[in-house]
Amino acid sequence: MSTVSHRTDRLSELSLASLPASVIKPAYEPGRTRIGIVHIGVGAFHRAHQAVYIDDLLADRPDWAICGVSLHSAEVSQALMPQDGLYSLLLLGQQTRLRVIGSIRELLCAREEQAAVLSRLADSAVRLVTLTITEKGYCLAGDDLDVTHPDIAHDLASPETPRSAIGYIVAGLRTRRRQSVIPYTVLSCDNLADNGHRLRRAVLQYAHHIDPRLADWIDAKVAFPCSMVDSITPATDDALRERVVGELGYVDAWPIQREMYTQWVIEDRFCNDRPPFERVGVTISHDIAGYDRAKLRFLNGAHSTLAYLGSLMNIQTVAEAMEEPLLAGFVERLMHAAIAPAITLPGNFDTDAYIAAILERFRNPSIRHRLLQIAWDGSQKLPVRLLSTIADAQAKGQSIDLLCLPIAGWMQFVRRQAHNGIALVDPLNDTLSHVGRACTGDARADVDAFLKLESVFASLAQNAAFVHALQGAYAALGDGTPASVTRALTTALNA
C-alpha cells in the first residue's frame, strides 16, 4: 500500500483508502457507478463545476456518472484515465479544502475514438448530454448555424463521421430515432445568454439539412433547457500541482482549483429522466433569464465598478479593492440601493443573500482577479452590465446618480490610459484612444465626445437626465487620481 511519503505514485481508486483524512473523498465506490451523462468539452470548468454536482449525488444515484468527450484533444483522457478518471479539486477560500472527484468514469477523444463516442450517445442509459464548448464551439454566425464553418461543412457532407459538437449530438439522436430509443435531453452549460434556445436552433438547422423528418422529430421530442453557471476557476499551474502532491501524497496529472462559491441554475425542461439536481444545490427554474440578469447586473456590474474605480486608485486586484473601505462600501450600496430596485428578478430570489455572497467572493484572498483584466472590453460589457440597469432605473423613475459613477470611471480610465500611451484591450481601442487623448478634463466636452459612441450608449446619449447625471459624475472624479476618486466615493456614500 502506498504511503503519503511515496510521492511518485499516481492517484487511483486503489489509493483512495490511504489518502489523508483531511482530503474529502467520494462517498461511493467509483467503479460501481454507471454512465448516464455524456459531457462534451471536458475542460477545467466542467470538472470544477458540473462534475462536482454529479459527484455529490452518485452515492444515492450511481446511474448518473459521466462519460467525458473531448472533440479534438486526448490530453485530459491521457492524464486522467491512468488515475481511473479521478482528479483533485482545490477549493479556494479563507480556508482551502482538497477534494477528490470520481464522477467522470470514462474519457474519450472523439477524433481518435469516434465509434465509441457514437455508441455511447446511442446508449439508452444515457439520458442527458451536456456541453461546455465555449461560444465558438456552437459554430454560429449570429443566431444561425454557420454552414460554411469547416467542421459543419464536413459534417453536412459526412453526417455519419462528425467532427463538431452539433454533428455528434444529431448523429446520436439520429441513431436513437432509428432504433426507437427515447432521446436524451441536451443541456448547454456554457456562459452564453439564451444558451439552450441557441443550441436548439443550431441543432434543428443542421438536422434539417440532413433530413427534414429528423429535424421534425427533434423539434417535437428533444428538450434543450437553458442554464446559468457561475464559479471562478483559475487555471492549473505548477504551484497547484506541487501543492496537491504535498497534501494528497500522490501525483495528480491534472488537478484543478475553484473558488468555494458555485451556482448552477437549470430550466425545468427535460424530455427524459434527469438527476435529482435539487438535492445537491442546483436551482431548477422557469426563469433562467432572470438569473442571467441578476448575474450580469449584480456580479458583473459590481466587477466593472471595481475595475474602473479601483484601477484609478492604483489597486491591482478585486480582493485588494475590497480592503479599501470606501470602494467596498460604494459597491455594496450600489447593489442594494441602485441595482436591486431597478431590475426584475426571479420569484423567491433572495437579493440580500445574493449580494452578501458576491461581497464574500470579492473578498476571497485566494483568488487573484486582476482589475485590469476585468476592465478589458469595456465598450462591450458596460451596455449589458450597467447601462441597461440605468435604462431600467429611469423607466421606474429612480435615481441614477450612483450608477453613473462607474460609467464616468470607465471614461476617466480610458482618458488616463490614452494620455499614458497605453492601448486598451477593447475592440474599439483605436476610437476610444482617440477620444481619450482629446479629453481635457472639461466634463461637458469629454462626456459629449464619449456619448458619440452609438454602439455603447445607443439612445441613452439623447437622454437629457442621463447626460446631466453622467457629466456630474465625471466632474466629481476630477482628474481621475486616487485622491479625486476617494473624494467622489466619500461624497456618494454621504449623499
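Begin by selecting D194, which counts as partly exposed because its relative accessibility is 39% (buried means under 20% relative accessible area, exposed over 50%, and partly exposed in between, with a 1.4 Å probe and protein chains only). The model is predicted, so local features need pLDDT of at least 70 and side-chain atom pairs count only at pLDDT 80 or more, whereas totals for chains, interfaces and linings use all residues. Residues are numbered from 1 along each chain as its sequence is written, and side-chain values use heavy atoms, with hydrogens and water left out.

**Two positive phi angles**

D194 sits in the loop between β9 (185–188) and α7 (195–210); helices (H or I, at least four residues) and strands (E, at least two) are DSSP runs, numbered from the N terminus. Although D194 is not a glycine, its phi is positive, at about 60 degrees. Most residues other than glycine have a negative phi.

Select N314 next, in the loop between α10 (288–312) and α11 (318–321). N314, also a residue other than glycine, has a positive phi near 65 degrees. With a relative accessibility of 52%, N314 counts as exposed.

**Back into α10**

Display its contacts (heavy atoms within 4.5 Å): leaving aside neighbours within four places in sequence, S311 meets L306, L371, L372, F413 and R416.

**The cores**

Which residues of the largest nonpolar core touch the most other members? They are F298, W410, F450, F457, F466 and L470, in a core of 81 residues. A nonpolar core is a set of buried Ala, Val, Leu, Ile, Met, Phe, Trp, Tyr and Cys residues joined through side-chain atoms within 4.5 Å. Helix α10 gives the most to this core, with eleven residues. Centre the view on F466 and, neighbours within four places in sequence aside, find L387, I390, Q394, I400, C404, L451, F457 and L460 in contact with F466. Another core, of 40 residues, lies apart from the largest one; L121, V129, L131 and L214 are among its members. In soluble globular proteins, nonpolar side chains tend to be buried together.

**Helix α12**

Now select H336 in helix α12 (residues 325–339). H336 counts as partly exposed because its relative accessibility is 33%. Not counting residues up to four places away in sequence, H336 touches P341, D352 and I355. Draw the C-alpha to C-alpha distance from H336 to I355: 7.7 Å in space, for 19 residues in sequence.

**The whole chain**

Finally, zoom out. The protein chain has 21 helices and 13 strands. Its radius of gyration, 25 Å, is close to the 23 Å that the globule rule gives for 495 residues, so the chain is as compact as a globular protein of that length; the radius is taken over C-alpha atoms, and the rule is 2.2 Å times the number of residues to the power 0.38. Along its principal axes the C-alpha trace spans about 70 × 60 × 45 Å. Of the 495 residues, 56% count as buried. Among contacts between residues at least 6 apart in sequence, 76% join residues at least 24 apart.
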